[in-house]
Amino acid sequence: MSILIKPIITEKATNDSELFNRYAFVVDKKANKLEIRSAVEKTYGVTIESIKTMNYPVQRKSKFTKGGMVQAKSGAYKKAIVQLAEGDNIDFYSNI
């Protein structure tokens, strides 16, 4: 089971990484902060100051169309925002 699923590379997350040295990841729903800390430090070789986690629930949507009612849902996930120590950074584009 992998703790880190993928990094979040959005406009807001990129701005946070440039200004405040914070990086966002989608992580396993059952992972705690200690497991996330060790996984990030081992994978990227950085020192972590703090971690904030957020659980996003399943979102269900329904709309009425000519063919009837259409229902959809997006999956639940857990997001972790990692604050790195001064001088450390993560380069997601180094392997391209």
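1. **Ground rules.** This is a predicted model in which local features need pLDDT of at least 70, side-chain atom pairs count only at pLDDT 80 or more, and totals for chains, interfaces and linings use all residues. Residues are numbered from 1 along each chain as its sequence is written, and side-chain values use heavy atoms, with hydrogens and water left out.

2. **The sheet.** Four strands make up an open sheet, ordered S1-S2-S6-S3, with antiparallel pairing. Strands are DSSP runs of E with at least two residues, helices are runs of H or I with at least four, and both are numbered from the N terminus. Two strands count as paired if DSSP finds at least two bridges between them. Strands S1 (4–7) and S3 (48–56) are the edges: each has a single partner strand, so one side of each has no neighbour in the sheet. On average, neighbouring strands are turned by 30 degrees against each other, direction ignored. Axes here are lines fitted to C-alpha atoms, for helices over the stretch in contact; angles run from 0 to 180 degrees between N-to-C directions.

3. **Strand pairing around S2.** How many bridges join S1 to S2? Three, and the two strands run antiparallel. S2 covers residues 22–27. Leu4 has Val27 as its bridge partner in S2. Pro7 is partnered by Phe25 in S2. Towards S6, six bridges join the antiparallel pair S2 and S6. Val27 is bridged there to Lys78. S2 is mostly covered, with five of its six residues buried. Buried means under 20% relative accessible area, exposed means over 50%, and partly exposed lies in between (1.4 Å probe, protein chains only).

4. **Helices across the sheet.** Helix H1 (residues 11–20) lies across S2 and S6 and runs at about 140 degrees to S2. Helix H2 (residues 33–44) lies across S1, S2, S3 and S6, at about 120 degrees to S3.

5. **The salt bridge.** The count is one. The rule asks for a side-chain nitrogen of Lys or Arg within 4 Å of a carboxyl oxygen of Asp or Glu. Side chains of opposite charge can pair when their charged atoms come close. Here Asp16 pairs with Arg22, and their closest N and O atoms are 3.9 Å apart. Asp16 lies in helix H1. Is Asp16 buried or exposed? Asp16 counts as buried because its relative accessibility is 19%. Arg22 is partly exposed, at 27% relative accessible area.

6. **Asn21.** Beyond residues up to four places away in sequence, Asp16 touches Asn21 and Arg22. Contact means heavy atoms within 4.5 Å. Asn21 sits in the loop between H1 and S2. Its phi is near 60 degrees, a positive value in a residue other than glycine. Asn21 is buried, with a relative accessible area of 15%.

7. **Nonpolar surface patch.** Which residues form the nonpolar patch on the surface? Ile9, Tyr93 and Ile96 do, with about 380 Å² of accessible area together. Patch members have over 30% relative accessible area and no salt bridge; like charges are joined within 9 Å, and nonpolar side chains (Val, Leu, Ile, Met, Phe, Trp, Tyr) within 5 Å. Areas come from the Shrake-Rupley method with a 1.4 Å probe; for residues, only the protein chains shown count as cover. Ile96 is in the segment after strand S6 (77–84). Ile96 counts as exposed, at 85% relative accessibility.

8. **Glu49 on S3.** Glu49 is in strand S3. Glu49 and Ala85 are 36 residues apart in sequence, yet 5.5 Å apart in space, C-alpha to C-alpha. Leaving aside neighbours within four places in sequence, Glu49 contacts Arg37, Gln83, Leu84, Ala85 and Glu86.

9. Asn55 counts as exposed at 58% relative accessibility. Asn55 and Thr65 are 10 residues apart in sequence, and their C-alpha atoms are 32 Å apart in space. Lys12, in helix H1, is exposed at 68% relative accessibility. Lys12 and Gly67 are 55 residues apart along the chain, and 38 Å separates their C-alpha atoms.
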